[in-house]
Amino acid sequence: MKKKRKKRAQLPFRLNILFFVVFLLFSVLIVQLGVVQILNGQEFQDKINSTVKDVTKVPVPRGKIYDRNHDVIADNKALYSITYTPPKGVQPTEKLDVAKKLSKYISMYDSKTKKMKLKTITERDKKEYWYLLHQKEADKRLSSEEASKMDNGDQYQTILNRITKKEISDFTEEDMKVMLIKKEMDKAYSLTPQIIKNENVTADEYAKVSEHLHELPGINATTDWDRKYPYKNTFKNMLGSITSEKQGVPSEKLKEFLAKGYNRNDRIGKSGLEEQYEDLLRGRKEQIQYTTNKQGEVVDTKTIVQGQRGSDLVLTIDMEFQKKLDKIVKDALKSTKDKSPYLNRFMTDAMAVAMNPKTGELLAVSGSHYNDKKHKYENADYKALYDARQPGSAVKGATVLSGLQSGVINIGTMFHDAPIKIAGTPEKSSWMKYGLGTLNEVQALRRSSNVYMFNIAMRMGGEYNYQRDKSITFHPEAMDEFRNYFSEFGLGVKTGVDFPFEATGYKGDHPKAGNLLDFAIGQYDTFTTLQLAQYVSTIANDGYRVRPHFLKEVRDSNSEDEKLGPVKESVNTTIMNKIQMDDKYLKRVQEGFWEVFHNPQGTAYSRFNFAPYNSYKIAGKTGTAENEIYEDGKKLADTENYSLVGYAPYDNPEIAFAIVVPNAGLEANYDINHKIGQGLIKTYFDLKEKRAKEK
């Protein structure tokens with residue numbers, strides 16, 4: 001009995017302990033729930049409601065480009081545009097659904113052929129489309145055992161490989177349209193707009209897409225732009241071009257441009273001034289902030305930075321002058337070839353540059369090229385910067401100044417112009433084979449004496465006692481000294497022009513004594529037309545070499561109207577160097593250049609000593625260089641390069657020019673360089689007079 005009572009007494013005690021433990025556990029749980037709900041409740045609620053904010057930069061139209069008279073030469077044309085901005089984590093099937101719906105409202109035809117762009121659809125595109133339509137069936141074509149040995153990419157590729165050609169052979173035109181749309185959508189990066197169509201989007205298409213945006217997630221009907229050039233091909237090569245939205249940023253420049261805030265599909269300047277001034281023309285992108293939830297859905301968008309069109313550029317180029325000069329150059333080239341097509345069969349180019357010698361402002365840069373395959377004349381103004389030729393006697397001003405400054409001749413030094421014969425070399429002479437008589441440096445320039453320049457070269461090479469048919473002393477370093485003097489004028493070195501590329505010309509290797517003589521008359525090294533323009537500008541500008549430039553001003557873009565905005569930056573004259581030659585020597589060369597055009601013995605006198613040319617006060621130098629044409633080591637023809645450099649007015653220069661016409665037939669000298677020179681200088685002063693009357 002006592003044992004039973006003891007057991008009964010112990011049972012309530014144990015139950016009490018159990019209840020107490022349960023009570024403690026519930027107490028801990030209640031406290032923990034209180035901590036979660038009261039102390040950490042907001043934190044956990046924030047995690048539940050967490051969102052991600054991403055910023056996307058949207059391109060804006062490029063800045064416009066104007067000529068010096070404020071005529072637009074590169075503009076933007078507004079376009080309707082259909083774009084797709086994919087949310088984060090969007091699935092291929094979701095894209096396909098959007099593409100199917102969008103295909104009801106837009107066409108996908110090529111703007112040129114007016115046919116659907118079927119050629120752009122690849123076999124892979126068709127297989128991927130088929131896969132999305134038959135995903136369960138396609139996945140069964142890869143066994144579990146095979147899949148376990150592959151990564152996801154290999155699995156997908158294997159499945160595509162097992163889709164047969166027959167299965168993808170009967171797609172309808174509507175299927176093809178969906179493929180084309182989805183193909184463009186697949187190029188898009190997360191939260192970055194991708195153009196689906198911006199060519200020939202009709203008002204009807206634009207309206208229909210706009211009306212159905214609620215059922216087209218990520219699709220937007222907006223406006224885009226394309227570059228247009230009101231002057232068409234005039235100066236177009238120098239303006240350059242931009243990449244298309246499909247080309248985007250070239251792969252070789254991708255890292256550089258991504259670091260600058262570009263998107264991969266942004267259009268950028270890829271040549272010419274569009275490339276040179278990309279940073280100014282690109283503008284400030286509009287920045288849009290997208291807020292997405294944990295499922296990747298966009299829950300809010302907000303513009304945080306307003307976009308602004310790129311800065312406008314005002315160039316130094318005078319487009320009216322440019323257009324007229326292009327015609328002058330082309331007509332001169334064509335008429336010369338037409339008069340003697342066989343002799344001039346190798347003459348395919350003519351180049352001309354006009355610039356302000358005091359400021360370096362390029363007024364016109366022209367070039368014409370005959371395309372013998374297409375049998376047509378094309379604008380080739382870039383050749384004035386790229387195509388280097390032997391200019392002949394046009395450089396004799398630099399030769400005389402080199403001789404004077406080096407001390408091998410003095411003011412008034414006389415040489416008798418008669419043929420020169422160095423042992424083991426052909427005879428060399430001036431254009432009059434039996435000589436021009438005894439000349440000083442001014443007369444030598446006037447009459448374009450080769451022999452006078454040969455004597456300067458021989459003395460610079462160390463020979464002061466020339467004897468006919470004997471070898472002469474020659475110090476090889478004399479060529480370097482000559483080239484150093486020439487480089488002070490911009491000959492053989494970069495001019496500093498604001499353009500992505502310019503040639504510096506070819507320097508002959510391992511020169512001999514005869515080459516030094518050829519160099520002195522412009523028949524060894526090659527120079528571009530722009531280099532020659534800078535050279536003659538330096539002489540016109542009393543020895544100051546200025547940097548030639550295309551950009552005159554940078555203006556704020558003005559979106560409210562078509563007027564130019566305020567000036568942000570003006571390009572000042574840049575003096576690259578002052579030639580290290582005494583001013584009195586320079587005056588002698590300027591005097592010689594004057595006599596070339598105004599003395600009856602001058603080589604340009606007969607072409608310019610009549611109205612209106614004699615009133616322009618032109619000074620300068622003519623040039624002819626012998627040029628042999630070879631192909632596969634075989635000589636095809638003897639030709640000549642014609643050149644002309646000059647400036648006007650002589651006493652207060654405002655225009656300097658250089659003209660080069662290579663490879664003219666020897667018996668077909670129709671003074672093409674002088675014809676271009678006449679047209680160039682007359683057009684300039686006629687325009688100046690006309691505009692003065694209009695004010």
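## The largest cavity

In this predicted model, the largest cavity is lined by P59, V60, R62, W225, Y262, D266, R267, E278, R282, G283 and K285. A cavity is a set of points on a 1 Å grid over the protein atoms alone where a 1.4 Å probe fits but cannot get out, and lining residues have an atom within 4 Å of a point. The space inside amounts to about 110 Å³, a volume being the space filled by probe spheres set on the points, with grid points joined across faces, edges and corners. Four residues of this lining are nonpolar, one is polar and six are charged. In this classification Ala, Val, Leu, Ile, Met, Phe, Trp, Tyr, Cys and Pro count as nonpolar, Asp, Glu, Lys and Arg as charged, and the others, Gly among them, as polar.

R62 and E278 from this lining also belong to a network of salt bridges that links R62, R227, E274 and E278. A salt bridge is a side-chain nitrogen of Lys or Arg within 4 Å of a carboxyl oxygen of Asp or Glu.

## Basis of the model

Because the model is predicted, local features need pLDDT of at least 70 and side-chain atom pairs count only at pLDDT 80 or more, while totals for chains, interfaces and linings use all residues. Residues are numbered from 1 along each chain as its sequence is written, and side-chain values use heavy atoms, with hydrogens and water left out.

## The second largest cavity

The structure holds three cavities of 30 Å³ or more. Helices (H or I, at least four residues) and strands (E, at least two) are DSSP runs, numbered from the N terminus. By class, the lining has three nonpolar, no polar and five charged residues.

## Salt bridges of D186

D186 lies in the loop between α8 and β4 (194-197) and K95 in helix α3 (residues 92-102), so the pair ties together parts that are 91 residues apart in sequence. The side chain of D186 also meets that of K182 in a salt bridge (2.8 Å, N to O).

D186 is partly exposed, at 35% relative accessibility, whereas K95 is buried at 12% and K182 is buried at 11%. Buried means under 20% relative accessible area, exposed over 50%, and partly exposed in between (1.4 Å probe, protein chains only).

## A salt bridge between distant parts of the chain

By the rule given above, the count comes to 48 salt bridges. One of them joins D318 and R691, with the closest N and O atoms 2.4 Å apart. This pair links distant parts of the chain, 373 residues apart: D318 is in the loop between β8 (312-315) and α14 (319-339), and R691 is in helix α24 (residues 672-694). D318 is buried, with a relative accessible area of 6%, while R691 is partly exposed at 22%.

## A nonpolar surface patch

V22, F26, L29 and I30 form a nonpolar patch on the surface, with about 380 Å² of accessible area together. Patches are made of residues with over 30% relative accessible area and no salt bridge; like charges are joined within 9 Å and nonpolar side chains (Val, Leu, Ile, Met, Phe, Trp, Tyr) within 5 Å. Accessible areas come from the Shrake-Rupley method with a 1.4 Å probe, and for residues only the protein chains shown count as cover. I30 is found in helix α1 (residues 2-39) and counts as exposed, at 56% relative accessibility.

Notes. On a 1 Å grid over the protein atoms alone, a cavity is a set of points where a 1.4 Å probe fits but cannot get out, and a pocket is an open set with protein on both sides within 12 Å along at least five of seven lines; lining residues have an atom within 4 Å of a point.
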